[in-house]
Every structure is written in structure tokens, then in C-alpha cells.
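Subject: Structure handover

Dear colleague,

Here is the structure for you to look over. My notes follow below it.

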Amino acid sequence: MALSATMALVLLGNERDRKEVASKSTASPCRDSALKPPCRGVNGWILADGSYESTTRTTPPAYVAPTTTSPPPLTPADFTLDLKTYSKKCFGSAGCNVVVEPTLTYKGSAETILSHGMCSMTYDITGDESGPVTDTLSFVGTDVTVRRSVLSTPSSKTKVTVKIVSVSCG
């Protein structure tokens, strides 16, 4: 049995050390937006990064495309995943029925997680008498969609744990 829930991803970024990232415009810095840099400005050339080269030369400098960097891929080490127990009903020596839901925490900044778009995370829950339960949650930025898992444990002393297997974005 699986129940769906949407929750907010907790961010653990160190706000004190956060560096602001300047966003680069994709619009042309040239007067005519149909032109690509370098283009002629008032007393020089406007370069691809929007900077201005003051010069009297008549030939344009070489075109250098602005560089864009993609964020590094997310890994299981970028997150912590815990289980919240919603209910636990034990039946003596017959074991227990336990309902759990994963709680996801991201260790980085909101800007970083948002730059990855739609992501999914596969995880394993151990403690069920039938063996590990593998499931997947999805997230976009701080919006997380998870399902509750219903487990049958062999005894009331069985420890239910979770481990992140993989993270993929795209």
C-alpha cells in the first residue's frame, strides 16, 4: 500500500558563507538585438560578455562565446534521508505493521537545488520481514513528492532504516 504526499525539502546551506551568483542575460548587449558580439559601440567594441573594449581599430576583435557552467551532479552525499513513523501496530510474537515516510534534507543552497530541475532519488528501506523495500521519490527544487511505505517487521524490536541508493536529474 502506498500513499502519496508532497512535502517541502529542507535546505541546510550555510547562509553565512553563501555567495551570490550573478545571472547572465542571454540577450545581446549590442544595440541591435539581431547582432552578436562583438559589435561596434560608440567608441569601441562590445564583447560577448557585455564588457566594452575601447579602441580605434576598425576590425572587430575575435568572437568569444560567453561561458556557461552547469552545476555539478547531485550525489547521495548531498542529502540526508530519514524516516518518520506515522503508525506502528504490534501483534505480540507476530511482529508489527509500521507505516513510514521519508523526510529529505538537502545540504546545499536553494539556488543550487533549483538549477537541477526535476530529480528523482531511489532509496532502500530495511527492516521489513520480506527484505529491503526499494522506492523512489521525486523533487523539483524544494517541492518533494514521496509515498508512505507499509512494512511488516518480524518483531517490535526491529530497527527500520533507510539508505539513499542514487540521485538523478534531468
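C119 is buried, at 1% relative accessible area; buried means under 20%, exposed over 50% and partly exposed in between, with a 1.4 Å probe and protein chains only. Its disulfide partner is C169, with the sulfur atoms 2.0 Å apart. A disulfide here is a pair of cysteine sulfur atoms within 2.5 Å. C119 sits in strand 8 (residues 118–126) and C169 in strand 11 (residues 161–169), so the bond ties together parts 50 residues apart in sequence. Strands (E, at least two residues), like helices (H or I, at least four), are DSSP runs numbered from the N terminus. The torsion about this S-S bond is about 105°, so the link is right-handed. C169 is partly exposed, at 34% relative accessibility.

On provenance: this is a predicted model, in which local features need pLDDT of at least 70 and side-chain atom pairs count only at pLDDT 80 or more, while totals for chains, interfaces and linings use all residues. Residues are numbered from 1 along each chain as its sequence is written, and side-chain values use heavy atoms, leaving out hydrogens and water.

The structure holds two disulfides. C90 and C96 form a disulfide too, with their sulfur atoms 2.0 Å apart. The link of C90 and C96 is right-handed, with 100° about the S-S bond. C96 is buried at 2% relative accessibility. C90 is partly exposed at 36%.

Now the core. The largest nonpolar core has 21 residues. Such a core is a set of buried Ala, Val, Leu, Ile, Met, Phe, Trp, Tyr and Cys residues joined through side-chain atoms within 4.5 Å. L74, F79, L81, L104, M121, L137 and F139 have the most contacts inside this core. Two or more residues come from each of strand 6 (79–90), strand 7 (96–106), strand 8, strand 9 (133–140), strand 10 (143–153) and strand 11. Strand 7 gives the largest share, five residues. In soluble globular proteins, nonpolar side chains tend to be buried together.

Take a look at F139. Not counting residues up to four places away in sequence, F139 touches L74, F79, L104, I113, G117, M118, C119, M121, V144 and V167. Contact means heavy atoms within 4.5 Å.

Last, S168. This residue lies in strand 11 and is partly exposed, at 42% relative accessibility. Leaving aside neighbours within four places in sequence, S168 is in contact with M118, C119 and S120. S168 and T75 are 93 residues apart in sequence, yet 8.1 Å apart in space, C-alpha to C-alpha.

Best wishes
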